[in-house]
Every structure is written in C-alpha cells, then in structure tokens.
Amino acid sequence: MIISQQLLSVNGLSYTIRSAMEADAQQLSDLRLQIDGETENLDRERGEAFIDGQGFERIINTDAESSRNLFLVAVVQDRIVGFSRCAGVYLNRFAHKVEFGVCVLQEFWGYGIGKNLLQESVAWADSNHITKMTLNVMETNEKAIELYKRFGFEVEGILRNDKVLSDGNYYNTIIMGRFKNDRRVT
C-alpha cells in the first residue's frame, strides 16, 4: 500500500517518511547491509540473508500492490537512512494482523525516525482494518521496548535463550503485540 509523504523535523534534522519506491531498491539493499553490521538488536549479522536490489524491487512492488503490506522509508537529503515494513499474511485466520519491523542507521538515532516510522505504521494499520500488530525485540533493547509500550504494544511472550550474540551469551526475544481499540481475547 502507498501512503502520503510526511515531512518532519526533529532535533534540527529534517526528513521525509514516504512509501518505498522501486528506485529505492539498491539504496535499501546497501542500507540493510550497513545497519545489520552496526547493531546486534536485529536478527541478522552483516551479510546474512542478503537481499540485492532486484530482491528489494520485488518486495517494494508486492507491498505497493497489497492492502496488507506497508513499506516505508525515511529520507534525509535524498539519502535513505531508515525503513520499516508491515507484512501481512493472506491466510484467513491471520488476515487481521501484520508483523512490524524497523531499522535506522546508527548515526541517525535520536531524531525520532524509528518513532515516526512506527507512528505512520500504526496509523495505517488502524485505518485499514488491521486489528493486531506484532513485533519481536531483543530483551536488551530497552529504548525500543519503552517506545513500543508507549504506542500500546504489550509483552505477549518471551522466547528464552533465543539468540546468541557476538559475546557468546544467549539472549531472550520479547514478542509484543498491539491491539486496535484494545480488542484482546482473554
């Protein structure tokens, strides 16, 4: 799905949040590779599950045509510095939900880019009959967990010893969910 472009300014940095376009594909491939090498908060190490420009073109085109998917980019002076994606499932029993993921270049942390990508995604989900958003987050990523909670996400479960990081230690993954209008099944 395509959304309207948003122009934002946070802490002196101006940037745009918009839907990904086919022309972004190579930049997104390079960006993802860089971000995967900057933090251990994501699932991949640098170079793992690599997606080239053509792979991103396919994802962007699929998402643009789908009412269940949303692919957003954050752009500073024609440079993509972050992106997020909501991916839905087409099985009827899961058609009410999407999975959210986000990443931002480390040099652009602190400018609300992740927060604004999340805010746009939540607004899109709420206005498109999506009643549940889910995400996974590392237990050590406390800033992200607090951000998600501010947007109504709750801890739904913990995958114990789910990841092994470069220090050789095991870490938990927290599964979080957000329900539109707090439609929880008890």
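This is a predicted model: local features need pLDDT of at least 70, side-chain atom pairs count only at pLDDT 80 or more; totals for chains, interfaces and linings use all residues.

Modeller: Let's start at Asn69, which touches Met1, Asp63, Arg85, Cys86, Ala87, Gly88, Tyr90 and Trp124, leaving aside residues up to four places away in sequence. Asn69 sits in the loop between helix H2 (53-65) and strand S3 (70-76). Its relative accessibility is 5%, so Asn69 counts as buried; the cut-off for that is under 20%. Two of those neighbours deserve a second look. The side chain of Asn69 makes a polar contact of 2.8 Å with the side chain of Asp63, and the Asn69 side chain also reaches the backbone nitrogen of Gly88 at 2.8 Å.

The largest pocket holds about 1300 Å³ of space. It is lined by 41 residues, with Leu42, Gly101, Val102, Cys103 and Tyr148 closest to the centre. Elements giving two or more residues to that lining include H2, strand S4 (79-88) and helix H3 (113-127). By class, the lining of the largest pocket has 23 nonpolar, eight polar and 10 charged residues.

The second largest pocket comes to about 190 Å³. Its lining counts 14 residues, and Glu40, Leu42, Arg44, Glu45 and Leu165 lie nearest its centre. Helix H1 supplies the largest share of this lining, three residues. Here the classes split into three nonpolar, three polar and eight charged residues.

Methods:
Residues are numbered from 1 along each chain as its sequence is written. Side-chain values use heavy atoms; hydrogens and water are left out. Helices (H or I, at least four residues) and strands (E, at least two) are DSSP runs, numbered from the N terminus. Buried means under 20% relative accessible area, exposed over 50%, partly exposed in between (1.4 Å probe, protein chains only). A polar contact is a pair of N or O atoms within 3.5 Å; within protein, one must be able to donate a hydrogen and the other to accept it, and residues adjacent in sequence count only if both atoms are side-chain atoms. Contact means heavy atoms within 4.5 Å. On a 1 Å grid over the protein atoms alone, a cavity is a set of points where a 1.4 Å probe fits but cannot get out, and a pocket is an open set with protein on both sides within 12 Å along at least five of seven lines; lining residues have an atom within 4 Å of a point. Grid points are joined across faces, edges and corners, and a volume is the space filled by probe spheres set on the points. Ala, Val, Leu, Ile, Met, Phe, Trp, Tyr, Cys and Pro count as nonpolar, Asp, Glu, Lys and Arg as charged, and the others, Gly among them, as polar.
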